[in-house]
Amino acid sequence: MYINIHTHQQVYDASIELVNLDINSADKPNHYSYGLHPWFIKKEDYKEQLSLIELKVNEKRCLAVGECGLDKLSPINFELQQIVFIEQIKIANQVNKPLIIHCVKAFNELINCLNLNENKVPVIIHGFNNNENIANVLLNYGCYFSFGKALLGYESNAAKAIKNIGRKNFFLETDDADISIKYIYKKAAELFGIDEEILKQQLQLNFETIFKHKK
Ligand SMILES: [Zn+2]
């Protein structure tokens with residue numbers, strides 16, 4: 001079975017597609033997450049948005065909080081980003097659901113926020129395509145990694161990282177790319193030099209470990 005850990009659209013080409021869902025969406029896919037992204041924080045209504053998230057993450061098919069996180073390229077004030085991220089760390093810990101993280105050029109601040117708020121839930125860094133030093137910092141913290149279309153790039157950071165982080169610590173995703181998760185699986189199996197069936201079993205195990213009974 002295929003598992004797509006982060007996408008923006010349900011396309012039914014995986015058994016589990018964790019859709020990053022708009023908080024006001026009336027259409028509910030089979031599995032989804034709610035979060036306030038660091039590019040879309042608005043001073044006027046972020047408190048209201050966070051209250052909505054806090055309420056709706058209790059829904060059974062909402063498996064995670066996110067994507068949320070920190071982004072130094074975002075025009076949104078960085079202090080405000082941290083305030084909003086910390087609130088989402090708290091929400092995730094209240095409901096005991098994993099965090100799906102968007103992080104750009106702010107990995108030290110990310111780990112600080114998690115540590116200072118005594119985060120206990122699994123942390124998945126989505127769309128990982130960073131260098132080995134950053135991978136090591138995140139691995140030391142105990143993060144999980146999710147790889148997407150960057151894996152397809154020749155000798156990309158993602159392609160190098162996936163081989164070093166170990167098979168128990170990763171997931172695969174399509175994010176907003178118009179591509180089938182099956183291609184990402186194929187490439188990942190190739191990079192590991194293993195059979196795709198083995199990869200599928202490993203990813204199913206990783207999923208069950210993190211999401212436990214919350215299937
Ligand atoms: Zn995304």
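Two strands count as paired if DSSP finds at least two bridges between them. Strands here are DSSP runs of E, at least two residues, and helices are runs of H or I, at least four residues, both numbered from the N terminus.

What I am showing is a predicted model, where local features need pLDDT of at least 70 and side-chain atom pairs count only at pLDDT 80 or more, while totals for chains, interfaces and linings use all residues. Residues are numbered from 1 along each chain as its sequence is written.

Start with β5, residues 99–104. On one side, six bridges join β5 to β4, residues 62–71, and the two run parallel. Within that pair, C68 stands opposite I101. On the other partner, β6, residues 123–125, there are three bridges, again parallel, and I101 stands opposite I125.

How covered is β5? Five of its six residues are buried, meaning that 20 or more other C-beta atoms, placed from the backbone, lie within 10 Å of a residue's own.

β4, helix α2 (residues 78–95) and β5 make a right-handed β-α-β unit. Right-handed means that, with the strands pointing away from the viewer, the path from the first strand over the helix to the second runs clockwise. From β5 the chain crosses through helix α3, residues 107–116, to β6, and this crossover is right-handed.

Finally, the whole sheet. Eight strands form an open, parallel sheet in the order β1-β2-β3-β4-β5-β6-β7-β8. β1 (3–7) and β8 (170–172) each have a single partner strand, so one side of each is left without a neighbour in the sheet. At the β1 end, three bridges join β1 to β2, residues 16–20, and T7 stands opposite V19.

Definitions and conventions: A residue is buried if 20 or more other C-beta atoms lie within 10 Å of its own, exposed if 12 or fewer, and partly exposed in between; C-beta atoms are placed from the backbone.
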